[in-house]
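Please examine the sequence and the three-dimensional structure shown below. The explanation that follows leads through selected features step by step.

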Amino acid sequence: MKKALLLVDLQNDFCLNGALAVQDGDAVIDIANQAMSIFHQRDWPIIATLDWHPANHKSFAINSGTQPGEVGTLNGLTQVWWPIHCVQHTPGASLHPQLEQQYISKRIYKGQDAEIDSYSAFFDNGKRSATELNQWLNSENIQHLVILGLATDYCVKFTVLDALELGYQAEVIADGCRGVNLATNDSEKALHEMATKGARIIQLNDI
Ligand code: VGL
Ligand code: ZN
């Protein structure tokens, strides 16, 4: 049965020296390349998501008169305020230079609406609008996703939970994920929640 590999936000701003660097984020690039090579050999599709914000995005603390790391409300939804990151067409928004991009068959952009954040690759945080991901997977007859990327406790988590809700089988490559961990253990908790809701937590060696 055909599976798709979903690489979540492997962008410079989440890696070493990036604006929203996740601890040890660079380590997942090698895992992503190994996973891509396996999927490529099997002729299975590889999808990359990109956090893709306009400069005036309201999730940026500076645009909302708040401090990064604090929590507030944006248009009725709980919002963590972030440093400026992944601004469209800037180097920080580019995929990591060591990622073997030639294997990517589809790119999914999210977070373009300045008024709402968008952690999941499927929907914005208020489920007000959808990306083209679900439609694309349907057209490719894919019901099974293998997911890795950044950050475990935000974009990976919400992507996996939406995938499960939409009826996909989801496997998360734990050694291919790293988290923000605003609170210690956020990433562990996120993996636990994904597992509770039906995801299989695996390692690269299991694929
Ligand atoms: C992400 C925070 C803000 C992520 C994106 O990719 O997990 N986290 N924007
Ligand atoms: Zn973002």
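**Aromatic pairs and a zinc site**

Trp-82 has a relative accessible area of 4% and is therefore buried. The model in which this residue is found is a predicted one. Tyr-154 is also counted as buried, because its relative accessibility is 12% and the cut-off for buried residues is under 20%.

A search of the whole structure finds six aromatic pairs. One of them is formed by Phe-39 and Trp-44, whose rings are arranged edge-to-face, with 5.3 Å from centre to centre and 70° between the planes. Phe-39 and Trp-44 are both buried. Trp-82 and Tyr-154 form another edge-to-face pair, with a centre-to-centre distance of 5.0 Å and an angle of 90° between the planes. This pair links distant parts of the chain, since Trp-82 lies in the loop between β4 and β5 while Tyr-154 belongs to helix α4 (residues 152-165), 72 residues apart.

Attention now turns to the metal. Which residues coordinate the zinc ion (ligand 2)? They are Asp-51 through OD, His-53 through NE2 and His-85 through NE2, at 2.0 to 2.2 Å. Along the chain, these donors follow the spacing D-x1-H-x31-H. His-53 lies in the loop between β2 (46-51) and α2 (61-64), and His-85 in the loop between β4 (77-80) and β5 (106-110), so the two histidines tie together parts that are 32 residues apart in sequence. His-53 is buried, at a relative accessible area of 0%, and His-85 counts as buried at 4%.

Definitions and conventions
Residues numbered from 1 in each chain as written. Chains lettered and ligands numbered in written order. Predicted model: local features only at pLDDT ≥ 70, side-chain atom pairs only at ≥ 80, totals over all residues. Heavy atoms only, no water. Donors = N, O, S within 2.8 Å, 3.2 Å for Na, K, Ca; no water. Helix = DSSP H or I, 4+ residues; strand = E, 2+ residues; numbered from the N terminus. Buried < 20%, exposed > 50% of the residue type's maximum accessible area, 1.4 Å probe, protein only. Phe/Tyr/Trp six-rings, centres within 6.5 Å; stacked < 30°, edge-to-face > 60°.
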